Amino acid sequence: MNPIPESVLNVKGQTRYIDDLPEAKTLLHAAVAASPCARGLLKGVDAGAALALHPSIRIITAADIPGVNQLGTAVADEPLLVAAGSEWGFRGQALALVLADSVSLARRAAGLVTFSFDELEPVLDAREAAAKGLIILSPRTQAMGDTAAAFASCATVISGRVESGGQEHVYLETQAALATPAEGCAMRVISGTQHPTGVQEGIARVLGLPMHLVEVEAPRLGGGFGGKEDQAALWAALACLGARVTGKPVKLVLSRKDDMRMTGKRHPYSSDFRIGVDSGGKILAFEADYYQNSGAICDLSPAILSRTLFHAASAYRIPNLRVTGYMCRTNLPPFTAFRGFGAPQAFFVIEAALDAVSRRTGIDGAKLRRQNLLCDGDSFHFGMPVENCRARLSFDRLVEKVKWESLRRNIDSHNAKDPLVKRGAALMPICFGVSFTKLLMNQGGSLVHVYKDGSILVSTGAVEMGQQVSRKIARVVALAFGVGIERVRVERTTTLTVANTYPTAASTGSDINGMAALAACQEIRARLLVEAATLLGAPAPELSMESGRVMRNGSPTPLSWDELVTRTHEARIDLSAHGFYATPDLVYDMKSERGSPFAYHVYGCAAVTASVDVLRGTWRLDSVSVVHDGGESIDRAVDIGQVEGALAQGLGWALLEDLRFDEKGKLLADTLSTYKVPDFHFMPEKVDVEFLEGFPNHRAVMRSKAIGEPPLVYGIAGYFAVLDAIAAARRTAVGGEGPGLYDIPLTPEKTLDCLMGARP
Ligand code: MTE
Ligand code: LUZ
Ligand code: MOS
């Protein structure tokens, strides 16, 4: 019997998530008692009412932590539980852990825990925080050329402000962990994390244990999208703390509402730009200040800001550029990794600037963008040379495919006739750097066993969260051994098999772990071929493995995979190997902000068309066309799924998902009945994804390209398509050059305001 592909289990609802695992008889359930306002000084915890509820109830506070009460890595600002005498920084921060012998009891008891505290004045706005000096670390600037001199010579200079909102991850499986005390002081935890080693490190710190006493397993996640890159550690560490204090297994699964209120989301940004072009529309200078709303805790904000700065110019050649980012500490939940990781926010700013130029100068948006695209021989503003650039290639292919000019003409003639429904279109390129922006993180390991019956087991640091990294790794391994994919099983990720890993993130899961798996396979393969050479009496260099058989100079020999494996084992040769991969050629100097931080870039281009109902302000997406540079795909079906999923998330961020807090820092839409996410009906009927064919990428495993995050950015074109339709309505209604509203998400409410001239 062969392994059942996990996609089949998913479709049948048979995948087991953490909350589906069998429960031990002694299991305790946990819930979190959280801070009741955005900023406060904790004076005491009153557990009386909660404890009175049921004898099984236990309340655990910061005083019970045996090790260090700190999870923060870049900055020590993330207590596991806020201690009495300390301040908390956002509404929903963990103050106490409640245990009980049922989930409902634990949750009810958590609601009964009360706190004595002084309420303090919160700061919610990024610019206000910056003005008050509430900046995490220091501002960071990247620059090239001389913007001041360049602006002086521009025919047109425009400045503007750009806002983009946050975004809730809405992974199907909420944050979850199951901790079990093991022999000695050891702790075993199953955690819904993208970063098992990070969780292991955090638990070791708070429990005061060496890492080898903490085992972290990440089974298949019900989605992560970045939300479990850093922020799974808190819940896993809390479960472990409960398990340590009681000596019993503890499960902590957040309710949807708690997950929405207590965990981080995509960072909102508020940015200022200044752009200058010559009379033909060539960009001469660009400046931007990005005020990142980092929330109350540093978390991954520095890495996210760094990706913003690296993507400030998108796929455009800008000879004079100066961009600065500020991490503004506010009293909102700690904003964190979310697919795109700071890049979408930067893309929106430069696209807004180009939109403003196009509207002011009358230069067609596509022409303006085309003439400013990067080419080989250029360099990025941080000094990395542009190589194997596919910006123009994908742009031109898309323009041809959607027949951009006639599409525009059709829209214009429709708009001239129809006063009630206006149509719009937009087109944009992408250029996304692949690698963790922090050099250290670009490494990974694997462990491969070939069992004596010829079946193969692979472990890597990659966490499966629906992106099918396991399937890709299985493909790589199957190809390395020349066997069918059904021979290969990819194990769930644990710190026992592969140590010192980094998160499955930055779209590098298959790049790094696929390479690490390949390295191990090559070692075993070489041993097998030596044995094959002996068995066949042939020189090893003439031998290879294909279709489950040893080949000699490309022709089949009588020696099958199964037999070769058996014979090699009988010869007492090791059929296991550990593999390691560190992405080569990465260099970066933070002081001079110069270097090559990425292994390569992903290019592509998207066009979106939309219609706006002028009386209601509602919009509809009509079509999306994408030409994407995906290298030689390891699995085309998976890659199409990734593009479509990322696109939906990007369009949702740009148009639909309205993450709003009230003036006291309370999340307003904290359920899935009030927080709208993109669904089947939201997506346009026509989604056309084409991959550039015949462009292998020699800098990743099997000449592929990372796929997970870059296509999310295409969603921004949806924003500009709706804006274009609004502009058409305003031209006919009031004349003039249309709106300069650069404020994500462009919800129907905002659209209506804009149509009525209530917004700029
Ligand atoms: N696809 C699914 N189905 N679920 C996810 O959680 N996460 C995305 C992307 N695609 C995600 C997904 C994010 S944020 C990243 S970084 C990549 O997958 C991570 O996986 P990879 O590096 O293996 O592509
Ligand atoms: N995580 C990270 C990421 O730590 N560094 C990155 O550069 C990155 N990029 C995208 C998504 N997650
Ligand atoms: Mo993805 S934001 O790198 O987890």
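The shell around ligand 1 is made up of 5 nonpolar, 11 polar and 2 charged residues. This is a predicted model. Its chain holds 19 helices and 30 strands.

**The chain as a whole**

- The chain has 760 residues and a radius of gyration of 27 Å, which agrees with the value near 27 Å that a compact globule with that number of residues would have.
- The C-alpha trace of the chain spans about 80 × 80 × 50 Å along its principal axes.

**Around ligand 1**

- There are 18 residues around ligand 1, and those that come nearest are Gly 224, Phe 225, Met 465, Gly 509 and Gln 642.
- Gln 642 places a polar side-chain atom 2.7 Å from a nitrogen atom of ligand 1.
- Phe 225 has a polar backbone atom 3.0 Å from an oxygen atom of ligand 1.
- A polar backbone atom of Gly 466 lies 3.3 Å from a nitrogen atom of ligand 1.
- Ligand 1 taken alone exposes 520 Å², and the protein buries 92% of that area.

**Around ligand 2**

- Thr 437 has a polar backbone atom 2.8 Å from an oxygen atom of ligand 2.
- Arg 307 has a polar side-chain atom 2.9 Å from a nitrogen atom of ligand 2.
- At Ala 506, a backbone N or O atom lies 3.4 Å from a nitrogen atom of ligand 2.
- Of the 290 Å² that ligand 2 exposes when taken alone, the protein buries 98%.

**The largest cavity**

- Rolling a probe the size of a water molecule over the atoms shows where empty space is left.
- In this structure there are 6 cavities of 30 Å³ or more.
- The largest cavity contains about 160 Å³ of space.
- Its lining consists of 15 residues, and Glu 78, Phe 90, Leu 234, Ile 297 and Pro 334 are the ones that lie nearest the centre of the largest cavity.
- Helix H7, residues 233–246, gives the most to the lining of the largest cavity, contributing 3 residues.
- The lining of the largest cavity divides by class into 10 nonpolar, 3 polar and 2 charged residues.

**The second largest cavity**

- The volume of the second largest cavity is about 70 Å³.
- The second largest cavity is lined by 14 residues, and nearest its centre lie Gln 443, Tyr 502, Pro 503, Ile 512 and Asn 513.
- Strand S17 (443–450) and helix H15 (509–536) are the elements that give two or more residues to the lining of the second largest cavity.
- H15 provides the largest share of that lining, with 3 residues.
- By class, the lining of the second largest cavity has 6 nonpolar residues, 8 polar residues and no charged residues.

How values were computed: Residues numbered from 1 in each chain as written. Chains lettered and ligands numbered in written order. Heavy atoms only, no water. Polar contact = N/O pair within 3.5 Å; in protein donor to acceptor, adjacent residues only side chain to side chain. Areas by Shrake-Rupley, 256 points an atom, 1.4 Å probe, with all protein chains shown as cover. 1 Å grid on protein atoms, 1.4 Å probe; cavity = no way out; pocket = protein on both sides within 12 Å on 5 of 7 lines; lining within 4 Å. Points joined across faces, edges and corners; volume = space filled by probe spheres on them. Helix = DSSP H or I, 4+ residues; strand = E, 2+ residues; numbered from the N terminus. Nonpolar A, V, L, I, M, F, W, Y, C, P; charged D, E, K, R; others polar. Rg over C-alpha atoms; globule rule 2.2 N^0.38 Å. Near = heavy atom within 4 Å.
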